[in-house]
Amino acid sequence: MANYFNTLPLREQLAQLAQCEFMDPSEFADGVDALKGKKLVIVGCGAQGLNQGLNLRDSGLDVSYTLRESAIAERRQSFLNASENGFTVGTYEELIPTADVVLNLTPDKQHTAVVNAIMPLMKQGATLAYSHGFNIVEEGMQIREDLTVIMVAPKCPGSEVREEYKRGFGVPTLIAVHPENDPQGHGLAQAKAYAAGTGGHRAGVLKSSFIAEVKSDLMGEQTILCGMLQTGSLLCFDKMVEKGIDASYASKLIQYGWEVITEALKYGGVTNMLDRLSNPAKVKAFELSEELKTIMRPLYNKHMDDIISGEFSRGMMADWAEDDAKLLAWRAETAETAFEKQQNTDQEISEQAFFDQGILMVAMVKAGVELAFETMTAAGIIAESAYYESLHETPLIANTIARKKLFEMNRTISDTAEYGCYLYNHACLPLLQDFMKDIDTDVIGKGLDSASNQVDNQTLIAVNKALREHPVEIIGSKLRGYMSAMKKIV
Ligand SMILES: NC(=O)C1=CN([C@@H]2O[C@H](COP(=O)(O)OP(=O)(O)OC[C@H]3O[C@@H](n4cnc5c(N)ncnc54)[C@H](OP(=O)(O)O)[C@@H]3O)[C@@H](O)[C@H]2O)C=CC1
Ligand SMILES: CC[C@](O)(C(C)=O)C(=O)O
Ligand SMILES: [Mg+2]
Ligand SMILES: [Mg+2]
C-alpha cells in the first residue's frame, strides 16, 4: 500500500487540502433519515466507539457492536462497555454480514488488519465509516469498489461527544466521502445523517475531505492540543519547584490551570483569555508569547512539513512495526515525571489566581494556538478547520488534564495523538531550555510583584490591536457566533 496523498498530482493534493465548507443547518433538515431502518455495526467499543454508539442509538438508530473474539471471550472492557449499556454484541462473522454501515472505531494502528478482516464479510453495496482518515490517506488502504467510504470525525475526545449530546448539543464535526469509493452517490447523505445522529450538526459541520481531516487533525493534536500542554505542564512545574514554590501547590496550579484559563479561550478566544489578566500581566504574557513563537515556529513548521510529506506517518508506522516501542517508553517516562507523581495541596486556588499566577501558561496557550493556526493555514488548510484543530479543541483537552493530569489526557486521546504528543514534547523540551532559564515566579507561581497597574498607553494599544486582529480571532468570533446562536435554540 502506498501513501494515498503522495500518489495524487499536486493540484489534486491542494484541492483536497483546501476542501472545507461550513454547512448550513438547513442541510440537516432530514436528520438521521438516510440511516433510519439501516443496521449500524460498530467495530470496537472504546473512546469514540462507545460514546458515538450511545448518541446514535438515542437518535433512533439501530446500533450493535462487533468485537474481536478474544474481547468477548475474556469479557474485556470493550465487551463490558457495550453489553452493560444494553447493546447486542457479536463476532465479526455474526454481525458484519448483516450491516448496512460498518463504523470502524478501532485504533488507527489496527485499521489495516481490521478492514482486511471485515471487508470480505461486508455485504454488497454497504458503507464503511471512519472517524479519522489515517488508514485511507497515510496507508493507502484500498476498499472494495462496491463499498461506500465515509468519514464522520468529531473534533473532540469521545467523552465530550457524549456529554455535549446529553446537554442537547453536539461537537463540531468534519464529514467527508472518499472520492474513490462513492459508487451509489449516497455517501454524503449518509455522512450527514451519521453526523446528525451524534449531535454534531448542532455545533457545526464542515464538509471536508479525508486528506484535509488527516493533515489538520494530526497537526493540531501533536502541537497545541496535546504536545504543548504536556511540555508546558512539565516545564512550568519543574520551574516552580526549582524556585521554591511548594510542589503540591505547583501541581494543583498546573493541573487545573489549563482548564481555567482555556475556559476563557472557549468563550472569547485568545483576546478574552488575555483580557483576564491585569494590564501589566497582559503585556508580559504577550511579550513571552512572542518570544515563544519565535523559538517554536521552526518546530511547528517541521511537524507540518513531516505530516504533509508522510514522514510523520512513516515514523509512527515504523514504531507500530516495533510493537510500539517508542510509544510505550514515552508513556512510561511520562508517568515517572515529577509533575505526574506529585500529590496536590488542599489549599484553595481562586479562579482569578490561576490567571494571575499562570501568566506563562497563558503565554504558552496563546503561542501554541496562534502558531498551530498560522502553520496550518500556510499549508493550505482552511481557516475554519484550523480553528477547530487549534483554539476550539484546546479547552476540551485541558478538561482531561484537570481530571487526572497527563495520564488522563493520553489515555483519552487516540494512540495516534498520544504518539504525536510525545514526539513534540521530546523536541520542544530542549528547545525551550534557554528560554526557561530566564523565567521566574513572577510569571509562574506567584504573579507580578507590582503595586500599580500602570502600563504605557502605546504598548497596551499595540498589544490589544495585535490580539484582536489575529486571523484566529476573526474566524473564531464568526464560528463561536454560530455555536452560541444554535445553543439558544436548544
Ligand atoms: N480518542 C478520541 O477521542 C478520538 C479518536 N478518533 C479516532 O477514532 C478511532 C478510534 O479511536 P479511539 O476511540 O481512541 O480508540 P480506542 O483505543 O479507544 O479503541 C479501543 C477499541 O478498539 C478495539 N480494538 C483494539 N484493537 C483491535 C483489533 N486489533 N481488532 C479489533 N478491535 C480492536 C478495542 O477492543 P479490545 O477490547 O479487543 O482491545 C476497543 O474496543 C481512531 O481512528 C481515532 O483516530 C477521532 C477523534 C477523537
Ligand atoms: C486531539 C486528539 C484527537 O485528535 C481528538 C480527541 O480529536 C485524537 O486523535 O484523540
Ligand atoms: Mg482530533
Ligand atoms: Mg486525532
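**View 1. Helix H3 in the shell around ligand 1.** With three residues, H3 gives the most to the shell around ligand 1. The model is a predicted one, in which local features need pLDDT of at least 70 and side-chain atom pairs count only at pLDDT 80 or more, while totals for chains, interfaces and linings use all residues. Residues are numbered from 1 along each chain as its sequence is written, and chains are lettered from A and ligands numbered from 1 in the order in which they are written. Helices (H or I, at least four residues) and strands (E, at least two) are DSSP runs, numbered from the N terminus. At least two shell residues come from each of helix H3 (47-58), helix H5 (77-83), helix H7 (111-118) and strand S7 (148-154).

**View 2. Residues surrounding ligand 1.** Ligand 1 is surrounded by 28 residues, the closest being Gly-44, Gly-46, Ala-71, Ser-78 and His-132. A residue is near a molecule if its C-beta atom, placed from the backbone, lies within 6 Å of it. By class, this shell holds twelve nonpolar, 13 polar and three charged residues. Ala, Val, Leu, Ile, Met, Phe, Trp, Tyr, Cys and Pro count as nonpolar, Asp, Glu, Lys and Arg as charged, and the others, Gly among them, as polar. Domain 1 (20-208) and domain 2 (213-489) each give at least three residues to the shell around ligand 1; the domain bounds come from an automatic or database domain assignment.

**View 3. Contact of domain 1 with domain 2.** The C-alpha centres of domain 1 and domain 2 are 30 Å apart. Their contact takes 27 residues from domain 1 and 25 residues from domain 2, where two residues are in contact if their C-beta atoms, placed from the backbone, lie within 7 Å. On the side of domain 1 that touches domain 2, two or more residues come from each of strand S1 (20-22), helix H8 (134-137), S7, helix H9 (158-166), strand S8 (173-177) and strand S9 (205-208). The residues of this side are 16 nonpolar, five polar and six charged.

**View 4. Residues around ligand 2.** Of the 13 residues around ligand 2, the nearest are Pro-157, Glu-221, Ile-413, Ser-414 and Ala-417. Helix H11 (210-242) and helix H21 (415-431) each supply at least two residues of this shell, and H11 gives the most, with four residues. The shell around ligand 2 has seven nonpolar, two polar and four charged residues. Domain 1 and domain 2 each contribute at least three residues to the shell around ligand 2.

View 5. An unreviewed UniProt entry places the feature "binding site" at positions including Arg-68 and Gly-158; UniProt positions are given in the numbering used here, feature names are shortened, and annotations may be inferred rather than shown by experiment. Arg-68 sits in the loop between strand S3 (62-66) and helix H4 (69-73). Gly-158 is in helix H9 and counts as buried because 22 C-beta neighbours lie inside 10 Å. A residue is buried if 20 or more other C-beta atoms lie within 10 Å of its own, exposed if 12 or fewer, and partly exposed in between; C-beta atoms are placed from the backbone. Not counting residues up to four places away in sequence, Gly-158 touches Ala-47, Gln-48, Leu-50 and Asn-51.

View 6. Asp-217 lies in helix H11, and Glu-389 in helix H19 (residues 383-392).
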